[in-house]
Amino acid sequence: PVNLWLTANRTRAEVGQSVTLRADVQANRPLPSAQVQGWVTTPDDKRLPLVFASDPTNPRQYRAEFACTKPGLLRISATLVAEGKTLTETTTSVQAVESRGEEGDVDVTALARIAGATGGKLIDPALPESWPAPGADLPSLERMHTIDPWSNFALILLLCAALGADWFIRLFRGLASG
């Protein structure tokens, strides 16, 4: 039996981002002149060929790379061919999404609300007057830390050490029998 495992380096990619595929061949016998052929089926049902190259360090691994061009589910198929015969096939998928960009991700209203609630100041990259002055002293930060002796067994270890020391002292003074 021959198995072909197809693994993508990501299952979700933005449009324009590249995806690297790894095909691992699992066989009980050597496969001379084996090749992995593959293709990507786009959301609009176009088939784009993939070129798998053999890994020089491991002859049972093959690598290919492609770039996501449209949002949607990309179906990736690969076939292992040796001596002119198809030995096995496999598929995987990658979800392509629209590129979000950095500007669209910032919710300025939520940042202003958080800054107001915590006593901070909203800094707008477009307004230099909102930037902190260079060399200005930063506010000090206080951190509160509660020590709970029951959660890390410190109290139990301290109690065992005290009882052990008490027993050890009593044993050497002849007040306890060992």
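Strand β3 and strand β7 (residues 58-67) pair in the antiparallel sense over 7 bridges, where two strands are said to pair if DSSP finds at least two bridges between them. The structure is a predicted model, in which local features need pLDDT of at least 70 and side-chain atom pairs count only at pLDDT 80 or more, while totals for chains, interfaces and linings use all residues. Residues are numbered from 1 along each chain as its sequence is written, and side-chain values use heavy atoms, with hydrogens and water left out. Helices (H or I, at least four residues) and strands (E, at least two) are DSSP runs, numbered from the N terminus.

**Strand β3 and its partners**

- One of the residue pairs concerned is Val2, whose bridge partner in β3 is Ala27.
- Ala27, which has its place in strand β3, counts as buried because its relative accessibility is 13%; buried means under 20% relative accessible area, exposed over 50%, and partly exposed in between, with a 1.4 Å probe and protein chains only.
- Not counting residues up to four places away in sequence, Ala27 touches Pro1, Val2 and Arg60, contact being defined as heavy atoms within 4.5 Å.
- Ala27 and Pro71 are 44 residues apart in sequence, and their C-alpha atoms are 36 Å apart in space.

**The five-stranded sheet**

- An open sheet is formed by 5 strands in the order β2-β9-β8-β4-β5, and its pairing is mixed.
- The edge strands of this sheet are β2 (12-14) and β5, each of which pairs on one side only.
- From one strand to the next the twist averages 30°, based on axes that are lines fitted to C-alpha atoms (for helices over the stretch in contact), with angles that run from 0 to 180 degrees between N-to-C directions.
- Strands β4 and β5 run antiparallel and are joined by 5 bridges, and Val40 stands opposite Leu48 in β5.
- Leu48 is found in strand β5 (residues 47-51) and counts as partly exposed, because its relative accessibility is 39%.
- Leaving aside neighbours within four places in sequence, Leu48 is in contact with Gly38, Trp39, Val40 and Thr42.
- The C-alpha atoms of Leu48 and Phe153 are separated by 61 Å, the two residues being 105 residues apart along the chain.

**Salt bridges**

- Side chains of opposite charge can pair when their charged atoms come close.
- A search of the whole structure finds 4 salt bridges, each defined as a side-chain nitrogen of Lys or Arg within 4 Å of a carboxyl oxygen of Asp or Glu.
- One of them links Asp44 with Lys70, the closest N and O atoms being 2.7 Å apart.
- Asp44 lies in the loop between β4 (35-41) and β5 and Lys70 in the loop between β7 and β8 (72-82), so this pair ties together parts that are 26 residues apart in sequence.
- Asp44 is partly exposed at 35% relative accessibility, and Lys70 is likewise partly exposed, with a relative accessible area of 37%.
- Another salt bridge is formed by Asp45 with Arg75, where the closest N and O atoms are 3.2 Å apart.
- Since Asp45 lies in the loop between β4 and β5 and Arg75 in strand β8, the pair ties together parts that are 30 residues apart in sequence.
- Asp45 counts as exposed at 55% relative accessibility, whereas Arg75 is partly exposed, with a relative accessible area of 38%.
- In a further salt bridge, the side chains of Arg170 and Asp166 meet at 3.1 Å, N to O.
- Arg170 and Asp166 are 4 residues apart in helix α2, which means that about one helical turn separates them.
- Both counts as partly exposed: Arg170 at 41% relative accessibility, and Asp166 with a relative accessible area of 35%.

**A nonpolar surface patch**

- Val108, Leu111, Ile114 and Leu122 make a nonpolar surface patch of about 330 Å².
- Patches are made of residues with over 30% relative accessible area and no salt bridge, like charges being joined within 9 Å and nonpolar side chains (Val, Leu, Ile, Met, Phe, Trp, Tyr) within 5 Å; accessible areas come from the Shrake-Rupley method with a 1.4 Å probe, and for residues only the protein chains shown count as cover.
- Leu122 has its place in the loop between α1 (108-118) and α2 (154-173), and Leu122 counts as partly exposed because its relative accessibility is 34%.
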